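Subject: Structure handover

Hello,

Here is the structure we discussed. Please open it alongside the notes below.

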Amino acid sequence: MNTLPNVDTRRGEYNPPAPDLPPAASPEKHNLPEGVSSSFAPPQDKQWFILRATYGRTETACEELKKEGVRIYMPMHSTLKETRGKKKRVQEPLIPNIIFAYMTRKQASGFVKEPAPTASYLKYYVDKTQPKESSTGLNPPVTVPDNEMENFIKATSVLSGHVMMLPKERCHYKSGELVKITAGDFAGVVGKVVRAAGQQRVALDIKGLGTFVTAYIPSDFLMKI
């Protein structure tokens, strides 16, 4: 499936596109989008790239990636919007203008480099902490390891108004130990326990982008791993 994240499921929720993986036996068990498995052997030549679209061109970029059969993922969250004095809960991108795309480096270059038509509004999200590549003269693109992306998809597939992306410095880590959430909407998610926005949550660091934090997680729902 290459469904864009703004397509409603039969429950009225959003069903983000899943990576190019074999379907799990029971995706509902971990609140995963269909097609995400907890154990898989990803194609060795594909990676999760983080792409940045210029303002207002995200939907166009998604459509162009979709035309070429690229798996894309855009995490959504639930938020309240006020229109004409009335508040309404809507679904919006958790990280505006950011698209996660699962493809080869060669495929990715075909979208972000001239003379590709998409190159004017679609760029790599680059890692400025790393030296520039000799082949391009630019900082290397940020990629997310498959296991980390699977965990991120699992966490962000819960449409909640209480999740957020924060700078790492705004998260107060209780310890450096990894924990697994054992119950509730975020069951199966792995991360570190933090205190953020006055509540105990579980955090997942996404290199270069920031830290995703879940909604409140009771201590009884946490298991050290």
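The structure, a predicted model, holds five aromatic pairs. In one of them, tyrosine 73 and phenylalanine 152 have ring centres 6.5 Å apart and planes at 80 degrees, so the pair is edge-to-face. This pair links distant parts of the chain. Tyrosine 73 sits in strand 2 (residues 71-73) and phenylalanine 152 in helix 3, 79 residues apart. Tyrosine 73 is buried, at 0% relative accessible area. Phenylalanine 152 is buried too, with 0% relative accessibility.

Phenylalanine 152 also pairs edge-to-face with phenylalanine 212. Here the centres are 6.1 Å apart, with 90 degrees between the planes. Phenylalanine 212 belongs to strand 12 (residues 210-213) and phenylalanine 152 to helix 3, so this pair ties together parts 60 residues apart in sequence. Phenylalanine 212 is buried. Ring pairs join Tyr73, Phe100, Phe152 and Phe212 into a cluster.

Now the cores. The largest nonpolar core has 29 residues. Trp48, Ile50, Phe100, Met149, Phe152 and Phe186 touch the most other members. Strand 1 (47-53), strand 5 (98-103), helix 3 (146-156), strand 9 (172-181) and strand 11 (199-206) each supply at least two residues. Helix 3 gives the most, with four. A second, separate core has 18 residues, among them Leu65, Ile72, Ile99 and Met103.

Next, helix 2 (residues 105-112). Ala108, Ser109, Phe111 and Val112 are buried there. They span an arc of only 160 degrees around the axis, so they lie on the same side of helix 2. The buried residues of helix 2 pack against strand 1, helix 1 (58-67), strand 5 and strand 6 (122-124).

Lastly, arginine 57 lies over the face of tyrosine 121, 4.0 Å from the ring centre.

Best wishes

Technical notes
Residues numbered from 1 in each chain as written. Predicted model: local features only at pLDDT ≥ 70, side-chain atom pairs only at ≥ 80, totals over all residues. Heavy atoms only, no water. Core = buried A, V, L, I, M, F, W, Y, C linked by side-chain atoms within 4.5 Å. Buried < 20%, exposed > 50% of the residue type's maximum accessible area, 1.4 Å probe, protein only. Arc of directions from axis to C-beta. Contact = heavy atoms within 4.5 Å. Phe/Tyr/Trp six-rings, centres within 6.5 Å; stacked < 30°, edge-to-face > 60°. Lys NZ or Arg CZ within 6 Å of the ring centre and 35° of its normal.
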